[in-house]
Amino acid sequence: MGKYFTQDTPLAGLERLMMTPLNSIPRSSGTMVLCQFRYGPEDVNCRNCLQYRRRSCSKPRCPYLTERLEAGTVTLEELAQELVRPWEHWGLKRRVVQLTRRAGRFLFDGQLHIARMLKLTEGESNVGSRWTAAVYLLSSNATLWQRIRPAVTPGSIAFDAVKPGNASVKEYTLYRAAKGIYHGRLGAAADELADEELVSDDTLLMILNAALIARFGPKVMEIGRGNGV
């Protein structure tokens, strides 16, 4: 039985009005409007934070990195420091922080890398951060991407269906890292990543960028994007 006795009759509107609580606004049909608030730089100014005391933050690490990332006021180095904080390999932690400090912004391996990412991710909003991170790594190398592309669909990567084949050291490192990050781990040993002879600075920075995407979301890719690739 329906809620209203006079539903589908000329008296339905009057009955609905009589059942409305006093001084309230009757509901109407239509589209639900969700909160559209977005953090801006003024909303995350450290001087307005409750943790800001005596001209500095009282916390050893910022508890509002996500909000600052949305507002565009967080640095790549700050995110990297938070990412590596639980890591036990001191040499790798130091190398990662130094690399992000020098880079200053999120990097792509040229315009073709950006084009590959845009082509696959355009219109895909529910694919997940790990998927996006893995695609970022795989699409950074043209040869690797050509081999793995058939296994990539929106939101899914069938790593076991396609092997990297006769890949170079860099390509295989990127492949392993992408597969690991996709499954929720780093994909390479800490000792290996910390070795500058095995993993170049450029390759490690790409892996770090992917790890940041997986941890903090695609918004990371916008850090410092005002000055080209």
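Student: Why does Tyr136 count as buried?

Tutor: This is a predicted model, and in it Tyr136 has a relative accessibility of 0%. Buried means under 20%, so Tyr136 counts as buried.

Student: What makes helix α6 largely enclosed by the rest of the structure?

Tutor: Eight of the ten residues of α6 are buried, and the helix is therefore largely enclosed by the rest of the structure. The buried ones are Trp131, Thr132, Ala133, Ala134, Val135, Tyr136, Leu137 and Leu138, and they pack against α5, α7, β3, β4, α8 and α10.

Student: Why is α6 called roughly antiparallel to α10?

Tutor: Helix α6, residues 129-138, and helix α10, residues 201-216, pack at an angle of about 165°, with their axes 7 Å apart. Angles over 145 degrees count as roughly antiparallel, so α6 is roughly antiparallel to α10. The crossing in which α6 passes α10 is right-handed.

Student: Which residues of α6 and α10 meet, and how do they divide by class?

Tutor: On the side of α6 there are Ser129, Arg130, Thr132, Ala133, Tyr136 and Leu137, and these meet Met206, Ile207, Asn209, Ala210, Ile213 and Ala214 of α10. Sorted by class, the residues of this contact between α6 and α10 are eight nonpolar, three polar and one charged.

Student: What makes α3 and α10 roughly perpendicular to each other?

Tutor: The axes of helix α3, residues 76-84, and α10 come within 10 Å and cross at roughly 80°. Angles from 65 to 115 degrees count as roughly perpendicular, and α3 and α10 are therefore described in that way. The contact is made by Leu76, Leu79, Ala80, Glu82 and Leu83 of α3 together with Leu208, Asn209, Ala211, Leu212, Arg215 and Phe216 of α10, and by class it has eight nonpolar, one polar and two charged residues.

Student: Why does Phe216 count as buried, and which residues is Phe216 in contact with, leaving aside its neighbours within four places in sequence?

Tutor: Phe216, whose place is in helix α10, has a relative accessibility of 17%; the cut-off for buried is under 20%, so Phe216 counts as buried. Apart from neighbours within four places in sequence, Phe216 is in contact with Leu69, Leu79 and Glu82. The C-alpha atoms of Phe216 and Thr66 are separated by 7.2 Å, although these two residues are 150 residues apart along the chain.

Student: How many aromatic pairs does the structure hold, and what makes the pair of Phe108 and Tyr136 edge-to-face?

Tutor: The structure holds six aromatic pairs. In the pair of Phe108 and Tyr136, the rings are 5.7 Å centre to centre, with 75° between the planes; planes over 60 degrees apart count as edge-to-face, and the pair carries that name. Phe108 sits in the loop between α4 and α5 and Tyr136 in helix α6, 28 residues apart, and the pair links distant parts of the chain. With 14% relative accessibility, Phe108 also counts as buried.

Student: How do you know that the pair of Phe159 and Tyr182 is tilted?

Tutor: Their rings are 5.5 Å centre to centre, with 55° between the planes. Planes under 30 degrees apart count as stacked and those over 60 as edge-to-face, while the rest count as tilted, and the pair of Phe159 and Tyr182 is tilted. Phe159 lies in the loop between β4 and α8, and Tyr182 lies in helix α8, 23 residues apart. Both Phe159 and Tyr182 are buried, and ring pairs link Phe159, Tyr172, Tyr175 and Tyr182 into a cluster.

Note on methods. Residues numbered from 1 in each chain as written. Predicted model: local features only at pLDDT ≥ 70, side-chain atom pairs only at ≥ 80, totals over all residues. Heavy atoms only, no water. Axes fitted to C-alpha atoms, helices over the stretch in contact; angles between N-to-C directions. Helix = DSSP H or I, 4+ residues; strand = E, 2+ residues; numbered from the N terminus. Parallel < 35°, antiparallel > 145°, perpendicular 65-115°, else oblique. Left-handed = near helix turned anticlockwise from the far one by under 90°. Contact = heavy atoms within 4.5 Å. Nonpolar A, V, L, I, M, F, W, Y, C, P; charged D, E, K, R; others polar. Phe/Tyr/Trp six-rings, centres within 6.5 Å; stacked < 30°, edge-to-face > 60°. Buried < 20%, exposed > 50% of the residue type's maximum accessible area, 1.4 Å probe, protein only.
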